[in-house]
Amino acid sequence: MSAGYRNGHITVLAAVLLPTGLAIAGLAIDASRLLVEHQRMQQICDAAATAAAGELRHSMDLAAMREMVDQVVHNENAMQANVEAHAPPTSGLYVGSSQHVEVRVERTVDLVLMPLLGLHSQSTISCRAVA
């Protein structure tokens, strides 16, 4: 076989494997970004639930509790998210318990590489905490 014939195979192989490799890299990068963002949101959600429970025990005021949740999620962490605070919780193990507070946070995250491959450009992350 001549060297030119073999080089043609390499070109075809590279043309097939390059998009596949980029798709895998894009999936790995965006998935890891979503995982890190979910962990960050869960920490914020936990902090908001803990602060809300403390505020509710201190003042017994639902409006003050909700204000505390908004302050922790939006002001201190500069996060744009949909936030729900319930006392008592509306789901989970402590449903109806007046001694617990439930916080739910939902946020849309822009993906970086997956849109380049024609896939979703955003993903929604949600978390829940009860204190």
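**Ala48 and its surroundings**

Once its neighbours within four places in sequence are left aside, Ala48 is in contact with Val69, Val72, Val73 and Val103, where contact means heavy atoms within 4.5 Å. The model is a predicted one, in which local features need pLDDT of at least 70 and side-chain atom pairs count only at pLDDT 80 or more, while totals for chains, interfaces and linings use all residues. Residues are numbered from 1 along each chain as its sequence is written, and side-chain values use heavy atoms, with hydrogens and water left out.

Ala48 lies in helix α1, helices being DSSP runs of H or I with at least four residues and strands runs of E with at least two, both numbered from the N terminus. At 0% relative accessibility Ala48 counts as buried; the term buried stands for under 20% relative accessible area, exposed for over 50%, and partly exposed for what lies in between, with a 1.4 Å probe and protein chains only. The C-alpha atoms of Ala48 and Arg128 are separated by 10 Å, although the two residues are 80 apart along the chain.

Helix α1 covers residues 3-59, and Ala25 is also found there. Ala25 is partly exposed, with a relative accessible area of 32%, and its C-alpha atom is separated by 26 Å from that of Gly8, 17 residues away along the chain.

A further site, His100, belongs to the loop between β1 (82-86) and β2 (102-110). His100 is buried, with a relative accessible area of 17%, and its side chain makes a polar contact of 2.8 Å with the side chain of Ser97; such a contact is a pair of N or O atoms within 3.5 Å, of which, within protein, one must be able to donate a hydrogen and the other to accept it, and residues adjacent in sequence count only if both atoms are side-chain atoms. Not counting residues up to four places away in sequence, His100 touches His86, Ala87, Pro88, Pro89, Tyr94, Val130 and Ala131.

As for the whole chain, its 2 helices and 3 strands follow the pattern α-α-β-β-β along the sequence. The radius of gyration is 23 Å, well over the 14 Å that the globule rule gives for 131 residues, so the chain is more spread out than a compact globule; the radius is taken over C-alpha atoms, and the rule is 2.2 Å times the number of residues to the power 0.38. The C-alpha trace spans about 85 × 30 × 20 Å along its principal axes, and 25% of the 131 residues count as buried.
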